[in-house]
Amino acid sequence: MKILVPLKRVIDPYAKVKPLGDGSGLDLSGIKFDINPFDEIAVEEAVRMKEKDGSHEIIVVSIGTSDSEEQLRKALAIGADRAILIETEHIYDSLGIAHELEAVVRAESPDLVLMGKQATDDDNNQAGQMLAARLGWPQATFASKVEAAGTRLQVTRETDSGEEVLELPLPSLVTADLRLNEPRYIALPGIIKARSKPLEKRPASVMSSPKTRTVRYDAPPARAAGRKVSSVDELVAALQEKGAL
Amino acid sequence: MLRKSEVRRLGKDNIMAGLISNQQHGGSFFSQTPERIFTPEDFSPDENLMIQTAEQFSRKEILPQLEALDQQAEGLMPSLVRKAGELGFCGIDTAEAYDGLGLSKNLAARILEFLSLNGSFSVTIGITSGISQVGLSLFGEESQRQQFLPKLTSGEWIGAYALSEPNSGSDALSMSCRAERHGDKWVLNGTKMWISNAKWADLFLVMAKVDGERVTAFLVERNAPGVSVAREEHKMGLKGSSTARLVLENAEIPLENQLYVEGKGHHVAFNALNLGRFKLASMSIGPAREAITQAASYALDRKQFGQSISDFGLIRKKLAEMAGRFYAAESMIYRTGALIDQAFDQQGGSVEGNRLAAEEFAIECSACKVLSTEVEAFIVDEAIQVFGGYGFTEEFPVARLYRDARVSRIYEGTNEINRVFLADRLMRRAKEGRLSLSGSGDSYLSELAAKAFAHAGSGQVFIGALSDLAMLSYAEQSARLRAKQQGGIFDLAYQNFLQWAQLQGAAAYQIATGEAVHVPATPHLGIDELAAAVLETKAPLRKT
């Protein structure tokens, strides 16, 4: 099976970011970057599938500047076989990303696209669904378990009302949720091997104009201090006063 | 395993990239200012990924088990070493031919820093991956390397190093352990003391005297006849590490387990120690790193007089000074590591070349060991102070950091013996015409150091003061050049360190010469900015 894992370079999810004074962007000085954690879970899952069945091939792909090579190399260190960087400075929204990935899928013809359910920077949770729709492929989002069953996949997905088990024909698209797996430590020999794995750069092919536009970056307003009440009656009165009851 | 072509040697690459100057040699900092030095910011992205794996391993596998480790829970420490071995941590700078990773010593030291957030695990992994292998790597026969190194680099075996004896510590060559040749074997008798990893070691590098005078190195397997390990020492700290006596009673060792030339065991012992001292420097700032994290976190959480104690000037001053001195120690350690790698690239390979390479920067290795362990002591002490009364209890992890840190200034050569060695080496090299003691003239400290070295004096107190000046000059120059190359918050870290270093230097100068000396003012100590940076990341300073 050929597995394609798209991944995004994001600001370290544990970093505290501040907007620039003029609101035109974020202050990125001293900020570290990493693979979007949900995408790293997708890479890990692909590598585990390959460890069960050595015939699988894992291709990782990222869209962005050459800075993203660092994250692709990390995915190669985890165990991906080769990497593709769609090198561009174009600004995309989710649909634009789906367009660009669609071109990669058409060129590579994977049996499975496995990706994070969302990226921790924009939290859009759209690119996977849009890509599946563009391809006309079946999709299973929020996967917490993926099992290969012959030429089909059995995917357990987490929903608000419980777990749902789907069976999908291949090719198909799966997006990873947090509980799908816990990514491994990246072993040092893997990092050394990753240095000699192929990383191919391709130009962007679609570059559709974004349907959304970022107007301004602002920090969320500081939370106002709370107030202590001495009785239930006072609490109810205060809630009524705020129109909450 | 890995092909040679897959491995990039950091040292070589950096020389080619012009990151470190080709001209630096042992002690040359005293009279010259290099154009560039290697800084921690120069590690490549994939090297940083390795460092990140080390930190994750410490945070997920080691720090949650400190209590069980300190109680020496059965099998726990050896299982953690094996786990570390699977990730490649037991043979980072050992050649690929012996299943090591063949990476640079500098990168190995940086990785070790992040594996050293707890002292007990630090000393265990540090010894089995370092001093227990380096003698074999540098001085072993090919067959000896093939036989033993792959077992150590994989973490399957744990190694130990046995030099000290009950009556022979700093004066190591006065050892009484004997080796006699009986037919097709060596027979060893004696007791080796303070042997780290003794309880779980499978292989000991033992120094013993042939004919009562010729120091010789031997590879002693734990299960050889006549080899036993005495009870654990009750230590003040590092309770999770094993320290015990190795007892050799007519221990029978195959002839082929003799390492290097008979009577040249001191080369093996001392060169392993030179590199060991360098690594110990990075192993001591690992726990200091964790102490800064703990102190910053607590300072933010703890409220008194209705506000976080991290707002108080004297707490901020502590955090700033911790950060400044950590920065300086870090600057000199990784500058030195790159120089050692450069020496091995240029001279290493043959046994004689290896010996020369390991010796080349022995002065810098001692300076790193002394300064880093004293910076560690300062940081863990101030961390306790930030915690106040709670720091004095075992409820919080800072008390353990404090106890564990104490031995750093004692082992791998006490800081006193290292001080004597450092100035002595500098003067010997000057006498041999290999360096000038005229000073680089690039700083107040370097001028003081040159004047003090030109002063007539003798005795350990005089020598110790000269060493302090040389060590402070090296640290100051390293911190200054790193700030110049990387800028940002490091400018303030340098200034903050400079103030302390100049005062220490002035005191040492007075001791050496008996003369009064003026200390220049440091323009900006950056207390608020440095404290804010530490509180923001709850870690030592990073480039901004």
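How many residue pairs are in polar contact between chain A and chain B? The count is 4, with both residues at pLDDT 80 or more; a polar contact is a pair of N or O atoms within 3.5 Å, and within protein one must be able to donate a hydrogen and the other to accept it, while residues adjacent in sequence count only if both atoms are side-chain atoms.

This is a predicted model, where local features need pLDDT of at least 70, side-chain atom pairs count only at pLDDT 80 or more, and totals for chains, interfaces and linings use all residues. Residues are numbered from 1 along each chain as its sequence is written, chains are lettered from A and ligands numbered from 1 in the order written, and side-chain values use heavy atoms, leaving out hydrogens and water.

**View 1. Here chain A meets chain B.** On chain A, 19 residues are in contact with 27 residues of chain B (contact means heavy atoms within 4.5 Å).

**View 2. A salt bridge links A:Glu182 and B:Lys60.** Their side chains meet at 3.8 Å, N to O.

**View 3. B:Glu536 pairs with A:Lys18.** This salt bridge spans 4.0 Å, N to O. B:Glu536 is partly exposed at 37% relative accessibility, and A:Lys18 is partly exposed too, at 48% (buried is under 20% relative accessible area, exposed over 50%, partly exposed in between, with a 1.4 Å probe and protein chains only).

**View 4. Inside chain B, B:Arg403 holds a salt bridge with B:Glu394.** The closest N and O atoms are 2.8 Å apart. B:Arg403 counts as buried at 17%, whereas B:Glu394 is exposed at 51%.
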